[in-house]
Amino acid sequence: MTPLQIGLFLLAALSGGAVVLTREPRRQAVAMGFNGLVLALLFMVLQAPDVAYSEIAINSVILPVLFLVALAAARINNRRREIDRP
Amino acid sequence: MTSLRTIIAAFLCAIALGLASAGLYGLPAFGHYPGPYGDIINRQGPAERHATNMVTLVNFDYRGFDTLGEEFILFAAVIGAVVLLREHRGEEASARPDQADEAPIPERSEAVAFGCRLALGITALFGIYVVLHAQLTPGGGFQGGAIVGSATALLYLGLGYPAWRGMMRSRVLDTAEAAGALAFIGAGLAAIGAGAPFLTNLLPLGTTGSIVSAGVIPLLNIAVGIAVAAGFGTLFLEYLEETREPESGGEQ
Amino acid sequence: MQALTPLPVALPLAIAAVLLIVGHILPRNGADIIAMLTAAAAGLIAVLLAMAASEAPFAYWFGGWQPRDGVAIGIAFVVDPAGAGCAAFAALLFFASFIFSWGYFDEVHARYHALMLIFQGALAGFAMTGDLFNFFVFFELMSTVAFALTGYRLESSALEGALNFTVTNAVGSFMMLAGIGTLYGRTGALNFAQLGRALAGLPPDGLLALAVALIFGALFIKGAIVPFHFWIADAHSVAPSPVCAIFSGIMVPIALFGAARLYWSVFAGSGLDQAPLRPLLVWFGTATALVGGFTAFMQRDVKRLLAMSTVSHMGVLLVGIGLLSSEALAGAMLYLLGHGLAKAGLFLIGGILLSQCAGIDEIKLRGAGKEFPVTGAFYALGGLIMAGLPVGLEHQGDHLIDEAISATGLAFLPPLLSIANGLTGAGILRGAGRIFLGLGPEPGEEALSPTEEEREKQDRPVWLMLLPVVALIGTALALQAVPAEEAARQAAAMFAATGDLAAAVLDQAAWQPVAAAPEPSSASPIEPAIGLAVAIGLAAFELGRDHLPRRLVRAADRATAPLFIGLDRLHDGVVGDYVAWTVFGAIALGVVIAIG
Amino acid sequence: MSHAAFLLPAWLFAIGLYGVITSRHFVHLIGCLTVIQSSTYVLLLAVGYRTDAAAPIFANLPIGTPAVDPVVQALVLTDIVVGATVTALLLALALQVHKRTGTLDPHELRPLRR
């Protein structure tokens, strides 16, 4: 394994762990985005550019946005509940 | 109670980690993929199919049937999400965009709006480029479709809710998604009609390196690109609808 | 004929896409009719395929990518009577479900029908594929559709159950994909036959144990094997009843069918051959049968009860598969059919209760079913079949499995399995007596179990809903004749002919007919009698509590309550705990296989 | 040492499972599921890797150049995109549950009413 590979493997282990251990969902979405970026780099180094494209589009852009939007929707639900039940 | 759960979880997962690591030790060493499957394709694919991207070739030719199944997973997941979100809000809320009178993002400077539109144009073009060069360079219908689909979210930021809602007709998106899936399966059935096995390529292979080479692969990529873009567009549409403020429609 | 091989999959998928495009302009019931015709057509093609393969199985290479020098480069369907028969059976259940749900889901633009048709296509593909990743794709496709259908009835109070279902089954998908990765890393192959050749003769090392634990663990989640089964009760109490009929009738059992397929075509030649795997599967199956039986007996929610009864019967099915012999496999196939038909019918009766009596709780519904004597009779009949009534397909399968067990010397096992199944029958008979006859005013332990307020759309005629029930349960009983057993033994022998199958798939070698398993001795009356005695006796005890001496009842309750309540408490509804059990189960599988 | 790379997928799978089991928020739980999913991708790509080989794209490479396995890449590539839509379906389910019950804590959500 080259040093670059070793570094990326270690970084991916850390960033994946960070996604799990970040218990606050909004910050987790940010961690997911970063994790996606690290994995995309790792896939690039593993000679998988196609997969890296997928990974970067999906896991560092689309999914974090969907998570944030879902959390925003949940907040609005809460507000709606408060309006319904004064 | 909670801490007990945490301890048990840590214990179980540590055992699982240990056993999995021990098991994976039985693999060939890292960097020594033994073949033979991938090597056969790398050796014979380019000449046989006039394509240069072997990953696309596997996805849309040698193992095209898998991709058909994957496309239907996407299709079913999007229908499922729509059923869960839209039906609850009431079908009307999505079918009548003209109702949308209020923009949830209050103040947008012209510069931001312009920037978003520019980004939108570039993103969409890039997505289409990625779809069209599937058989040649990294990329294809899945990646390109996802890029185009996420461009629709930029539309929301750049144009504001009413204009975005006016352009994002859920029925059009549904139809596009289904049509993409149908085109893929149609390509398969056409082969049966011609007396060949399902998904056999019937088109000429063209010149290697050209945008219309590799037979039916570009067409399948366009079909997948349309379906994926419409699928992600639908998801963004339904999720962003969920964030609308209570009084602005929806919940009747 | 072989040219039509993809159609049981492709046809429903194509029509599903069409329905989504034209759904909003179809006339009322248009989607119902189209869906029904599609299900029937796909089923018919599957029957024709099964017949075409009855002499010799054949491989169908998608895209025309024939193997080169014995190496598969494309995806193959391997059509044999068992696989195509499974696809046909799925189509039959879908057809019945579509009749049942006529006019039920007209408000939502045919999306229900589209999802159901995709489901059917996925099941057919799963049953016929001969490629490991393709197997995963259809596994994932059926999971995804099932998630969407489970959350479909939004008015249900138990939507949380759908989340538990999706999370546990998503973990299953990841386990399977990881297992595929390990096998591919070792062999560089995805085709079943080629995997089998690559693994042949290898000793059972850690990698193989890991792969089996991951892949079988994933299949056991879907197949509701203890301790992977917790999602099933939650999912069944949320999903619409015609969807439940599909879940229990075919989706859950087909996962175990998939395990059998993998064993015979991939692992049979490897060092895993018999020693560690057979006792492991048999014991998992026995535990499943017992846990399912006891838990089912103490439910008051009819759909939960039926779901747990499915768990119990999946235990028996796993024993049949886990004996790893072609005789037992023939029994398992018949058992799968018989159980699926009867259980689907029972779930549809649950649907009748939901729409006509606006409830599913047997204690609350006491006497509410008196106007529906025919429905009640079929419910009781279904209960008797579950308990081991010595007629029909399920009994035939049971008998073959019991014969095979005896051949291995585990003579105590058949009575144990009969008791387990008898318990589920007892729960159903108790419900029948309470709901349809108004018996049993005094509830027992089942009063402590969870219940739901739910109902389904009401404006459908009872006869229309009863029609598929009568057809399904009737078929389960009427298909008793010898040909069914004969065909199953032939199909099982072909299914289990690992080496010949690989040669036929990869080298296009001519098929050497294999001898079917010998005809078993005539059925012993002991096991059915045990099951029926348990079912009828316990149901009578439960329904007659108010007539029995108080002291006797209380003593019996004190003796059994800890067991029943303890088992039910494991279902705590926290999805994290379910996943923890899954991890535990997978570790157990892996360790036992690795140690041998 | 030659197998150390395979520790990463094992670690990601295990830590993801740990997160799922202990999670107290459904959205967080779904995030942990994506970690498990990514571990399967890392595993597949790692088994198909070959030292000093090129990507399996012969646009600017002579045919016959040693390349890594294209098959695992194809399997992973589609699954990433499709997995995202399944995640979206899960999120939609969680949103519905939240609408109904006002909570996203798995411990407070009991599908079973006694």
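## Exercises on chains B and C

Along its sequence, chain B reads α-α-α-α-α-α-α-α-α-α. This is a predicted model, in which local features need pLDDT of at least 70 and side-chain atom pairs count only at pLDDT 80 or more, while totals for chains, interfaces and linings use all residues. Residues are numbered from 1 along each chain as its sequence is written, chains are lettered from A and ligands numbered from 1 in the order in which they are written, and side-chain values use heavy atoms, with hydrogens and water left out.

**Exercise 1.** Find how many helices and strands chain B has, and what share of its residues is buried.

*Solution.* 
- Step 1: count DSSP runs, taking helices as H or I of at least four residues and strands as E of at least two, numbered from the N terminus. Chain B has 10 helices and zero strands.
- Step 2: apply the burial cut-off (under 20% relative accessible area, 1.4 Å probe, protein chains only). In chain B, 58% of the 252 residues pass as buried.

**Exercise 2.** Describe the interface of chain C and chain B, starting with how many residues are in contact.

*Solution.* 
- Step 1: with contact meaning heavy atoms within 4.5 Å, 64 residues of chain C meet 56 residues of chain B.
- Step 2: take the buried area, which is the accessible area (1.4 Å probe) that two parts lose on being put together, summed over both. Here that comes to about 4900 Å², and carbon and sulfur atoms give 74% of it.
- Step 3: look for salt bridges (a side-chain nitrogen of Lys or Arg within 4 Å of a carboxyl oxygen of Asp or Glu). There are four between chain C and chain B. One of them pairs C:Asp577 with B:Arg5, with the closest N and O atoms 2.7 Å apart.
- Step 4: see which elements of chain C take part. Those supplying at least two residues each include helix 1 (7-22), strand 1 (58-61) and helix 22 (575-595). Helix 1 of chain C gives the largest share, 10 residues.

Conventions. Buried means under 20% relative accessible area, exposed over 50%, partly exposed in between (1.4 Å probe, protein chains only).
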